Amino acid sequence: MTKPSLPELLHAAVTAVGGSERPGQAAMAEAVAEAVDDQSHLLVQAGTGTGKSLGYLVPALAHGERVVVATATLALQRQLVERDLPRTVDALHPLLRRRPQFAMLKGRSNYLCLHRLHEGVPQDEEEGLFDQFEAAAPSSKLGQDLLRMRDWSDETETGDRDDLTPGVSDRAWAQISVSSRECLGATKCAYGAECFAEMARERAKLADVVVTNHALLAIDAIEGAPVLPQHEVLIVDEAHELVSRVTGVATGELTPGQVNRAVRRAAKLVNEKAADALQTASEGFERVMELALPGRLEEVPEDLGYALMALRDAARTVISALGATRDKSVQDEDAVRKQAMASVESVHSVAERITQGSEYDVVWYERHDRFGASVRVAPLSVSGLLREKLFAERSVVLTSATLKLGGDFNGVGASLGLAPEGTAGDNVPQWKGLDVGSPFDYPKQGILYVARHLATPGREGSRTDMLDELAELVEAAGGRTLGLFSSMRAAQAAAEELRGRLDKPILLQGEETLGELIKNFAADPETCLFGTLSLWQGVDVPGASCQLVIMDRIPFPRPDDPLMSARQKAVEEAGGNGFMAVAATHAALLMAQGAGRLVRATGDKGVVAVLDPRLANARYGSYLRASLPDFWYTTDRNQARRSLASIDAAAKADGK
């Protein structure tokens, strides 16, 4: 029997999911197949509506080697495992004459821990463990959640937090889960044979396609201990998120509360001298942190340096003592000891990293209203790490609707550790960029309106002219507005102002769960939804409920953002343009994601309004505009209002 061709396989898969074939999807599938066969790398921009999941799944399944697919969002993970993969495997089975297996794999703390559930949680203040089910009042929200999770543990097959609906708070979940550092290990644990995390790993080892998230991919790359099974192909979806997720995993933090917890957990298990030394070091660190002012530490101040060295040395002594002593009087000693060890090791590793003072790290103080001060350390860049760990051993395909910024892939490529496209060299990963476009006719379906007449936004202060413009546009659109603001304060101020001015429901991020907000926004065309950057990624509302997307200003990083400003400075010191490489690239990605909320289906029409004149007037404006979908462009406010009014009238005539 002849081997089925890629177009045949794609046709079968698209038919099975009830879609229609698109030229962009076919071009993407061919390019992915070619990269996998050549063991080369591919960056592919596939606009909304291309059907990019099938564009990479079909060639990956046809190839036959093990594939890891890493996504940024839970929604896409679920879509792949619950919808796209089952249908695609069924459709390809008769043609491939085999049935590829697939599995989902996440970090250990995402799975219910049976040891925690049955034996209790190590308690900080007293020896041994306590039963969290007894300790929480049954009438409290925490108590109710714990009882519900106990019932769920008897029926769940996966133990995966995301299969528990409705969900529970982080605090409740922490009572029945462990981090990889706290885990006893399957061989030492009484519940090892039934462990949900271990079962997920075993399923992943047997699967042809393993679906995971960016964070686990980062842990796999950074920590050296492989978490993911061996694989020949890596596909990174939502790849525009990868650098920030990897940075997050590579960031260390120390707070007085965290250090105190480590002291309490270790105190009962080690000799008095070791415990006292850690307690004294903890108190010294706390005194320094009381005076900490937010901002970057170009050099570690002397008092912080001494406090961290004391912490590092005392933590090292405690780690040795924890390994050497046993105390049979402590109930379930292994679990208590493991949790103490995890806490102290975490303190030790961050204190040591900051005291070593690598030129490739950025250190800063942060202050949080609820949690107080913390000291944080993050890599100046993750590009070298990604180049070395991501591209060395396998073929990598990175895809997203927004990878091409300012007209090419080199900006995103550089952040991933890749040399400009076409650069040759011995240790230079070879890659190519491909933009397969979008099935949407952006110039006919959307308008990009820039409010050129407004005052340039300053760092602080109210923008009354912007709020007037916002109210006029929302009124003209008849509601139907997604407002994307550069800060929560700006979103709240706009919601408050417009609730007083307009007779339209204004929903605000934080007043309900995101899922509930999006459902209510989609259900009523007159409703508006206002939120911050985190909303820009997750809203998918096709149709007449979202016909106006407003951005209050260009979302440059804050000038006092320690990590971004350090990265910008480093580029400048190397002779590059720090502003364009860091701040403008950051803003371009967010704006492209934000503008992408407008047109989600072939019948959608509307306006993206940017209430920041710099997009029209500044030198970098053309770079940012080139990163957005190819909407029809205007700075005429009357034109924008007329267009919105006619789109609103057409939607009402259709009964929407």
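Trainee: In the loop between which two elements is E238 found?
Mentor: Helices are DSSP runs of H or I with at least four residues, strands are runs of E with at least two, and both are numbered from the N terminus. By that assignment, E238 sits in the loop between β7 (233-236) and α11 (242-249).

Trainee: What pLDDT do local features need here?
Mentor: Residues are numbered from 1 along each chain as its sequence is written, and side-chain values use heavy atoms, with hydrogens and water left out. This is a predicted model: totals for chains, interfaces and linings use all residues, side-chain atom pairs count only at pLDDT 80 or more, and local features need pLDDT of at least 70.

Trainee: Is E238 buried or exposed?
Mentor: Buried means under 20% relative accessible area, exposed over 50%, and partly exposed in between, with a 1.4 Å probe and protein chains only. E238 has 14% relative accessibility, so it counts as buried.

Trainee: What is the phi of E238?
Mentor: Most residues other than glycine have a negative phi. E238 is not a glycine, yet its phi is positive, at about 50°.

Trainee: Is R97 buried or exposed?
Mentor: R97 also has a positive phi without being glycine, near 60°. R97 lies in the loop between α4 (74-96) and β3 (102-104). Its relative accessibility is 62%, so R97 counts as exposed.

Trainee: What is the omega of the peptide bond from T165 to P166?
Mentor: P166 is in the loop between α7 (141-155) and α8 (170-174). Most peptide bonds are trans. The bond from T165 to P166 is cis, with omega near -10°.

Trainee: Which residue of β13 stands opposite V44?
Mentor: Two strands pair if DSSP finds at least two bridges between them. Strand β1 (residues 41-45) and β13 (residues 431-435) have five bridges and run parallel. In β13, the residue opposite V44 is L434.

Trainee: Which residue of β12 is the bridge partner of L43?
Mentor: H41, L43 and Q45 point one way from β1, L42 and V44 the other, and all are buried. β1 also pairs with β12 (residues 395-400), parallel, over four bridges. In β12, L43 has as its bridge partner L398.

Trainee: Which residue of β19 is the bridge partner of V549?
Mentor: V549 and M551 are buried on one side of β18 (residues 548-551), L548 and I550 on the other. Four bridges join β18 to β15 (residues 481-484) in parallel, with G483 opposite I550. The partner of V549 in β19 is V608.

Trainee: What is the radius of gyration of the protein chain?
Mentor: The chain holds 27 helices and 20 strands. The radius is taken over C-alpha atoms, and the globule rule is 2.2 Å times the number of residues to the power 0.38. For 656 residues the rule gives 26 Å, so the chain is as compact as a globular protein of that length, with a radius of gyration of 27 Å.
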